[in-house]
Amino acid sequence: MTRILSQPFISMGRGATLLAAGIGRWGMLTAETVRALRHVDVWLRLLVPQMARVGVDSVPIALFIALFTGIVLSLQASYTFTGAIPLYFVGVLVGKTMMLELGPVLTGLALSGRVGANIAAELGTMRVTEQIDALETLAYPPVAYLVVPRVLASIIMFPIVTALAIAVGIAAGWITAIQLLDMSTAEFVNGLTLFFLPFDVTYALIKATSFGFMVATIGCFFGFHTRGGAEGVGHSTTRAVVVSSMVILVLDAFWAVTLL
Amino acid sequence: MSIVIRDLHKAFDGKVVLDGFEVEARDGETLVILGGSGSGKSVTLKHVVGLLTPDKGQVEVDGEVVSDLRREELFVLRRKVGYVFQFAALFDSMSLADNVAMGLRRQSDMDRKEIEERVEECLRLVDLDGFGPRAPSELSGGQRKRAGIARAIATRPQYLLYDEPTTGLDPVTRAMIDQLILRMSSELGVTGIVITHDIDSAFRVADRFAMLHEGRCRFQGTPEEIRETDDPVVRGFIEGRPELLENAS
Ligand SMILES: Nc1ncnc2c1ncn2[C@@H]1O[C@H](COP(=O)(O)OP(=O)(O)OP(=O)(O)O)[C@@H](O)[C@H]1O
Ligand SMILES: [Mg+2]
């Protein structure tokens with residue numbers, strides 16, 4: 001009886017220990033990444049190709065999501081406001097929601113599935129096929145060679161992709177408004193600018209940058225610590241996506257609490 | 001100019017692999033390490049370049065204790081050592097030529113043209129001339145293995161560690177790789193450790209033999225000595241007679 005009662009707590013304790021150990025090792029890798037920044041000669045020429053990869057991987061999916069989100073936001077706003085609130089509030093809602101929440105978060109989640117998975121799978125394969133060891137023997141610091149360019153590329157590209165997504169989402173909302181909702185462009189733009197603060201943009205970009213950092217470091221972390229062949233690579237990839245998606249949502253709440 | 005392994009201990013998750021292994025590759029000689037599958041030969045070799053750290057004991061290369069080196073010093077040491085991985089470990093994201101050039105780009109002040117020439121020369125040495133632009137995924141197992149050798153020798157290191165360089169190769173290519181190992185040692189004065197299961201090739205390249213058995217050095221000596229030893233474990237291994245091994249222990 002006592003066992004039945006205590007067992008869940010024991011496994012929770014064990015889970016918490018593992019989590020703490022994982023966070024610790026992730027922190028160590030991240031600290032090493034910062035230290036590895038000094039090997040500019042190693043990572044610099046890899047940065048632009050990585051940025052291109054992040055862009056190619058992510059722009060189509062991010063814009064696709066933003067397009068449909070913008071359309072739906074616009075329609076749902078008008079549905080919600082029926083009569084009670086002036087229609088130009090559709091512009092307020094589309095603009096604010098895309099910028100503050102859906103642009104950064106949906107883009108971040110989509111990219112954790114593309115960029116994060118890609119990083120974890122690639123580095124995981126390199127780990128289990130001893131390519132990371134081979135880098136070491138050729139006197140390349142693996143963190144400077146593999147992690148730094150991926151993390152920097154994500155930090156740079158996530159805000160850019162997010163900005164594009166926000167623009168596309170708002171544009172989709174606007175086209176929907178004038179085509180399907182009998183609104184004029186003037187009304188929509190009026191709503192868009194009514195409560196607009198320059199800080200909204202900063203807020204969106206801070207979020208996107210932090211998401212980029214987390215997705216890349218988490219992908220690298222699981223990739224680097226992969227064990228045991230193709231199956232291990234599969235595990236790492238899945239975990240990288242799951243963990244970075246969760247971290248994005250937690251971080252999103254964290255920024256809302258601290259910055260708003 | 002020697003590699004000295006002293007009282008090396010290593011366990012993984014409580015499973016003891018090395019249990020006081022001692023062996024020495026002296027200046028300019030080629031040491032062949034024999035041992036059954038899973039006996040810890042690859043693990044030993046990884047300690048030499050600091051890819052693994054010993055639980056106890058140490059490896060000395062060039063008079064320096066590998067596990068005591070700071071990271072920067074370790075990279076300096078690694079520039080002197082070429083490592084041929086058991087499964088080649090080629091970088092799949094780049095061509096064969098780029099694989100071979102990797103070490104040169106990092107470790108030498110050669111210009112683009114000199115690097116290209118060196119890469120071609122190394123690919124020719126392993127009979128892969130013309131394969132430079134290919135991707136590793138387009139190669140056969142044996143070709144990958146040879147490309148791995150080309151990458152390891154490209155920087156003309158003072159030390160070469162070969163992890164089963166001839167496994168999976170046809171007899172002609174195998175003899176060619178043996179000759180390459182011999183040339184490295186005679187022309188460049190390389191100090192080498194060769195891990196192999198291939199007894200013929202072992203006798204062709206070895207100055208001295210060591211046998212790793214149950215985590216320790218079971219035998220160390222010259223080719224003549226190993227031929228004449230009456231240790232049943234060593235005899236059983238080189239003659240391929242498991243019954244000797246079973247009766248021994
Ligand atoms: N990174 C590791 N983590 C856990 N166990 C390991 C690791 N590397 C090696 N081992 C274990 O150590 C033992 C020795 O492995 P090693 O690769 O050195 O064998 P080997 O002598 O090279 O064999 P083979 O001739 O088959 O290549 C094996 O039981 C292996 O499972
Ligand atoms: Mg091995």
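1. Start with one residue of chain A. Outside the four places on either side of it in sequence, A:Asp57 touches A:Arg114, A:Val115 and A:Asn118. A:Asp57 itself sits in helix α2 of chain A, which covers residues 40-81. Is A:Asp57 buried or exposed? A:Asp57 is buried, because its relative accessible area is 14% and the cut-off for buried is under 20%. Please keep in mind that this is a predicted model.

2. Next, helices α3 and α7 of chain A. Helix α3(A) spans residues 89-128 and helix α7(A) spans residues 198-224. Their axes are 8 Å apart, and the packing angle is about 20°. Angles under 35 degrees count as roughly parallel, so α3(A) is roughly parallel to α7(A). The crossing of this pair is right-handed. How do the residues of the contact divide? There are 16 nonpolar, six polar and five charged residues in the contact of α3(A) with α7(A).

3. Helices α5 and α6 of chain A are another pair. Helix α5(A) runs over residues 142-180, helix α6(A) over residues 185-194. The two axes come within 9 Å and cross at roughly 140°. That angle makes α5(A) oblique to α6(A). The crossing is right-handed. From α5(A), the contact uses A:Ile170, A:Gly173, A:Trp174, A:Ala177 and A:Ile178. From α6(A), it uses A:Thr185, A:Phe188 and A:Leu192. By class, the contact of α5(A) with α6(A) holds six nonpolar and two polar residues, with no charged ones.

4. Helix α5(A) also packs on helix α1 of chain A, residues 2-36. Here the angle is about 95° and the axes are 9 Å apart. Angles of 65 to 115 degrees count as roughly perpendicular, so α1(A) is roughly perpendicular to α5(A). Helix α1(A) brings A:Leu29, A:Glu32, A:Thr33 and A:Ala36 to the contact. Helix α5(A) brings A:Val143, A:Ala144, A:Val147, A:Val148 and A:Val151. The contact of α1(A) with α5(A) divides into seven nonpolar residues, one polar and one charged.

5. Now chain B and its metal. Which protein atoms are donors to the magnesium ion, ligand 2? They are OG of B:Ser42 and OE1 of B:Gln86, lying 1.9 to 2.2 Å from the ion. The two residues are 44 residues apart, and the pair links distant parts of the chain. B:Ser42 belongs to helix α1 of chain B, residues 41-48. B:Gln86 lies in the loop between β6 (81-84) and α3 (96-107) of chain B.

6. Look at that helix again. Helix α1(B) is mostly covered, with seven of its eight residues buried. The buried residues are B:Lys41, B:Val43, B:Thr44, B:Leu45, B:Lys46, B:His47 and B:Val48. Just after α1(B), B:Gly50 has a positive phi of about 75°.

7. Last, a loop residue in chain B. B:Ala154 is in the loop between α5 (141-153) and β7 (159-163) of chain B. B:Ala154 is buried, because its relative accessible area is 0%. Beyond its neighbours within four places in sequence, B:Ala154 contacts B:Val100, B:Leu104, B:Arg118 and B:Cys122. Of these, B:Arg118 is 36 residues from B:Ala154 along the chain, yet their C-alpha atoms are separated by 6.9 Å.

Methods
Residues numbered from 1 in each chain as written. Chains lettered and ligands numbered in written order. Predicted model: local features only at pLDDT ≥ 70, side-chain atom pairs only at ≥ 80, totals over all residues. Heavy atoms only, no water. Axes fitted to C-alpha atoms, helices over the stretch in contact; angles between N-to-C directions. Helix = DSSP H or I, 4+ residues; strand = E, 2+ residues; numbered from the N terminus. Parallel < 35°, antiparallel > 145°, perpendicular 65-115°, else oblique. Left-handed = near helix turned anticlockwise from the far one by under 90°. Nonpolar A, V, L, I, M, F, W, Y, C, P; charged D, E, K, R; others polar. Donors = N, O, S within 2.8 Å, 3.2 Å for Na, K, Ca; no water. Buried < 20%, exposed > 50% of the residue type's maximum accessible area, 1.4 Å probe, protein only. Contact = heavy atoms within 4.5 Å.
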